[in-house]
Amino acid sequence: MVSKKDETETEVGCLNRRAFLFASGTVVGGTVLLTGVPGMGNKAVEARMSRYPRMFIENMSRLKMNKPVRFKYPDKGRNSNSILVKMNEQAGGGVGADRNVVAFNTLCTHMGGDMGKTFQKRDAVLGPCPFHQSTFDLTRHGMIVSGHATESLPQVLLEVEGDDIYAVGLIGLIYGRYDNLKS
Ligand code: FES
């Protein structure tokens with residue numbers, strides 16, 4: 001179990017959306033403002049980035065294209081169900097030589113349907129959610145493609161050291177929690 005004091009959150013400046021979408025995966029704690037999000041006009045959308053203790057997930061060399069690896073982060077609770085996936089294309093927040101390895105919490109942000117087994121490689125989405133059919137784009141920080149959800153999927157921040165891939169934080173809030181370490 002991770003203690004609250006391990007979490008760090010600080011304010012950072014505003015990145016333009018393109019720079020953020022294709023950021024290298026470098027981790028900073030704080031809040032990022034996304035502009036130009038479909039359906040939001042020129043309104044800014046806040047995405048909270050929080051850093052948690054680093055956890056090993058998988059070796060880069062063992063990943064197979066479009067074959068998700070399931071794990072839990074930042075703790076072992078049900079709401080922490082997540083997937084790591086090597087995509088066919090560059091993805092926002094992606095790590096690795098091709099910036100195409102990303103990870104997301106798999107609980108739908110609408111009412112918590114678990115989409116852990118719903119990855120669709122053709123469209124690079126997670127979903128449809130088993131409850132009400134929402135789908136989320138894994139190449140664009142888990143943004144909603146369709147359905148009832150109104151929030152993006154929480155994205156797991158990644159770091160690579162040699163061949164090792166680590167989870168080091170989250171962008172967004174896990175469904176059913178008032179912070180990512182408390183149910
Ligand atoms: S819980 Fe996923 S769309 Fe409602």
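What follows is a friendly conversation about a predicted model and the reasons behind its labels.

Colleague: Let's start with the overall layout. How many helices and strands does the protein chain have?

Modeller: The protein chain has 1 helix and 11 strands. From the N terminus on, the order is α-β-β-β-β-β-β-β-β-β-β-β. Of its 183 residues, 37% count as buried.

Colleague: And what is the average pLDDT of the protein chain?

Modeller: The chain averages 82, and 74% of the residues score at least 70. Over residues 1-28, however, the pLDDT is below 50, although this stretch has 55 contacts in the model beyond near neighbours in sequence. Residues 34-43 also stay under 50, with 11 contacts beyond four places in sequence. Where pLDDT is low, the predicted coordinates should not be read in detail.

Colleague: Now to Asp75. Why is Asp75 called partly exposed?

Modeller: Asp75 has 17 C-beta neighbours inside 10 Å. A buried residue needs 20 or more, and an exposed one has 12 or fewer, so with 17 Asp75 falls in between and is partly exposed. Asp75 sits in the loop between strand E3 (69-72) and strand E4 (81-86).

Colleague: What makes the peptide bond from Tyr73 to Pro74 cis?

Modeller: The omega there is near 10 degrees, and the bond is cis. Pro74 belongs to the loop between E3 and E4, which also holds Asp75. A cis bond also joins Gly127 and Pro128, with omega about 5 degrees. Pro128 is in the loop between strand E7 (125-126) and strand E8 (135-137). As background, most peptide bonds are trans.

Colleague: What is the phi of Gln133, and why is Gln133 called partly exposed?

Modeller: Gln133 has a positive phi of about 75 degrees although it is not a glycine. Most residues other than glycine have a negative phi. Gln133 lies in the loop between E7 and E8. Gln133 has 15 other C-beta atoms within 10 Å, so it is partly exposed.

Colleague: And Asn66, in which loop does it lie?

Modeller: Asn66 is in the loop between strand E2 (45-59) and E3. Asn66 has a positive phi of about 60 degrees and is not a glycine. With 14 other C-beta atoms within 10 Å, Asn66 counts as partly exposed.

Colleague: How do you know that E5 is mostly covered?

Modeller: In E5, 5 of its 5 residues are buried. Val101, Ala103 and Asn105 lie on one side, with Val102 and Phe104 on the other, and both faces are covered. In a regular strand the side chains alternate between the two faces of the sheet.

Colleague: Which strands are joined to E5 by bridges?

Modeller: E4 is joined to E5 by 5 bridges, and the two run antiparallel; Ser82 stands opposite Asn105 in E5. E10 is joined to E5 by 2 bridges, again antiparallel, with Phe104 opposite Gln155 in E10.

Colleague: Which residues have the most contacts inside the largest nonpolar core?

Modeller: That core has 37 residues, and the ones with the most contacts inside it include Val102, Phe104, Leu126 and Leu138. Among the strands that each supply at least two residues are E2, E4, strand E5 (101-105) and E7. Beyond its neighbours within four places in sequence, Leu138 is in contact with residues including Val85, Val102, Phe104 and Leu126. In soluble globular proteins, nonpolar side chains tend to be buried together.

Methods:
Residues numbered from 1 in each chain as written. Predicted model: local features only at pLDDT ≥ 70, side-chain atom pairs only at ≥ 80, totals over all residues. Helix = DSSP H or I, 4+ residues; strand = E, 2+ residues; numbered from the N terminus. pLDDT = per-residue confidence, 0-100. Contact = placed C-beta atoms within 7 Å. Core = buried A, V, L, I, M, F, W, Y, C linked by C-beta atoms within 7 Å. Pairing = 2+ DSSP bridges.
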